[in-house]
Structure formats: C-alpha cells, structure tokens
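Please look over this chain before reading my comments. Keep the sequence and the 3D view side by side.

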Amino acid sequence: VDEGVVGSERAVESIEFGSVIADRYTILRHDKAGLPGTFVCREAGAEPLRSVWAWKPKNTLDPQAEAFVAEMTKVAKLEHPQLQKVLDFGRDPAGIFYSVYEPTEVQNLTALLDRDWPLSDERIVWLMCQLLATLEAAHAAGVVHGDLRPENVLVRAAADSQNDEIV
C-alpha cells in the first residue's frame, strides 16, 4: 500500500479479537511482525490463515479513501516474487478499509537490522537488489510506495540468513 496515500497513522490498532471484517475475515490476533493495523485472520470457509491490514478514514469524505481503492486496484494486479499477493481489498459495512494478503512469517527490516547488525556486504547487496527489483515492478505498474523506510519493508527470514527475502 502506498503509505503516502493512506498513512499508518490511520491504521486500526484495536479491533476486538473475534470481530469480523467485511462479513468474511475473523480477526484472531495482532500480526506482530507486520505493519501497524495488521492482524492475522481466518477467512470464512477457508483453511489457511490470512493477514489483513485495516484502516479507517477520518470521515466519509476523506479523499484518501478513494485513493486507497485506486491504489489497491493497481497493487492487486502486481505479480512479483517479492510481493505478498493481495487476495482481497475493499471497505466493510463499518467503514473500515482493508487489504488481505497471503499469510507469511515476516519481520520488518528494522527488526532484522537491530537483531543482525552488522550485516555482511553480500547480505546487504542481496536485500537491496530484491528491494530495488520489487520497486521497479511496482513503478512499472504505476504504484509508488510513498513511505519507504525500514519499518515498512518486510523480510521473510531464510534458514541460513544469507538468503532472506524481501516481501
């Protein structure tokens, strides 16, 4: 999501566990590795868990609401090995905007740097090449992130740590 369009300051931080978004996604818990407003959920009738990011506009005329839908329409079409696949997005009857992703065990880049610093030159180059390739694919589709910083870059840890993946 283009944080410049939506902004994590509008992320829904407190949703009662067990509540349902869009009549389909039951909130199970916070997704501690994800961005603010990210929860683990179960989709009605589906077995695998999902990740859902939720935010609420300031009011019904908030121009960012329309921008969110336009941006997510582009993001949902993106196909790239380092991008989490958007499975669904929209606005639920309570006015919460959401985007649903494939589940993945991730941490943000800040947590990785805090844990593993200093990184080897090879590992830095590996991570940066993935990040740049992902941004290139997004930009080619007309998607601009708008708030690129380590807290907003998700990394899937590999067993050997030298092959971590940007997602």
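The numbered points below go from the whole chain to single residues.

1. Confidence. This is a predicted model. Its mean pLDDT is 85, and 92% of the residues reach 70 or more.

2. Elements. Count 3 helices and 9 strands. Starting at the N terminus, the order is β-β-β-β-α-β-β-β-α-α-β-β. The radius of gyration is 16 Å, close to the 15 Å from the globule rule for 167 residues, so the protein is as compact as a globular protein of that length.

3. Extent and packing. The C-alpha trace spans about 50 × 30 × 25 Å along its principal axes. Of the 167 residues, 46% count as buried. Take the contacts with a separation of 6 or more: 57% of them join residues 24 or more positions apart.

4. Surface and charge. The accessible surface is about 8900 Å². Carbon and sulfur atoms supply 56% of that surface. The protein carries 16 positive and 27 negative charges.

5. Phe17. Find this residue in the segment before β1 (20-21). Is Phe17 buried, exposed or partly exposed? Its relative accessibility is 43%, so Phe17 counts as partly exposed. Setting aside residues up to four places away in sequence, Phe17 touches Ile27, Leu28, Arg29, His30 and Phe39. Pro81 is another matter: Phe17 and Pro81 are 64 residues apart in sequence, with 31 Å between their C-alpha atoms.

6. Ala22 and Asp23. Ala22 sits in the loop between β1 and β2 (25-30), and Asp23 is found in that loop between β1 and β2 as well. Most residues other than glycine have a negative phi. Ala22, however, has a positive phi of about 55°. Asp23 also has a positive phi, near 60°. For Asp23 the value is 66%, over the 50% cut-off, so Asp23 is exposed.

7. Leu78. Look in the loop between α1 (63-77) and β5 (86-91) for Leu78. With a relative accessible area of 13%, Leu78 is buried. Which residues does Leu78 contact, leaving aside neighbours within four places in sequence? They are Leu83, Lys85, Ala137, Ala138, Ala141 and Val143. Thr134 is 56 residues from Leu78 along the chain, yet their C-alpha atoms are separated by 10.0 Å.

8. Trp117 and Pro118. Most peptide bonds are trans. The bond joining Trp117 and Pro118 is cis, with omega about 0°. Pro118 is in the loop between α2 (109-116) and α3.

9. Gln130. Helix α3 (residues 121-140) holds this residue. Its relative accessibility is 6%, so Gln130 counts as buried. Beyond neighbours within four places in sequence, Gln130 is in contact with Gln82, Asp164, Glu165 and Ile166.

How values were computed. Residues are numbered from 1 along each chain as its sequence is written. This is a predicted model: local features need pLDDT of at least 70, side-chain atom pairs count only at pLDDT 80 or more; totals for chains, interfaces and linings use all residues. Side-chain values use heavy atoms; hydrogens and water are left out. Helices (H or I, at least four residues) and strands (E, at least two) are DSSP runs, numbered from the N terminus. The radius of gyration is taken over C-alpha atoms; the globule rule is 2.2 Å times the number of residues to the power 0.38. Buried means under 20% relative accessible area, exposed over 50%, partly exposed in between (1.4 Å probe, protein chains only). Contact means heavy atoms within 4.5 Å. Accessible areas come from the Shrake-Rupley method with a 1.4 Å probe; for residues, only the protein chains shown count as cover. Lys and Arg count as positive and Asp and Glu as negative; His and the chain ends are not counted. The place of a charge is taken as NZ of Lys, CZ of Arg, CG of Asp or CD of Glu. pLDDT is the predictor's confidence in each residue, from 0 to 100.
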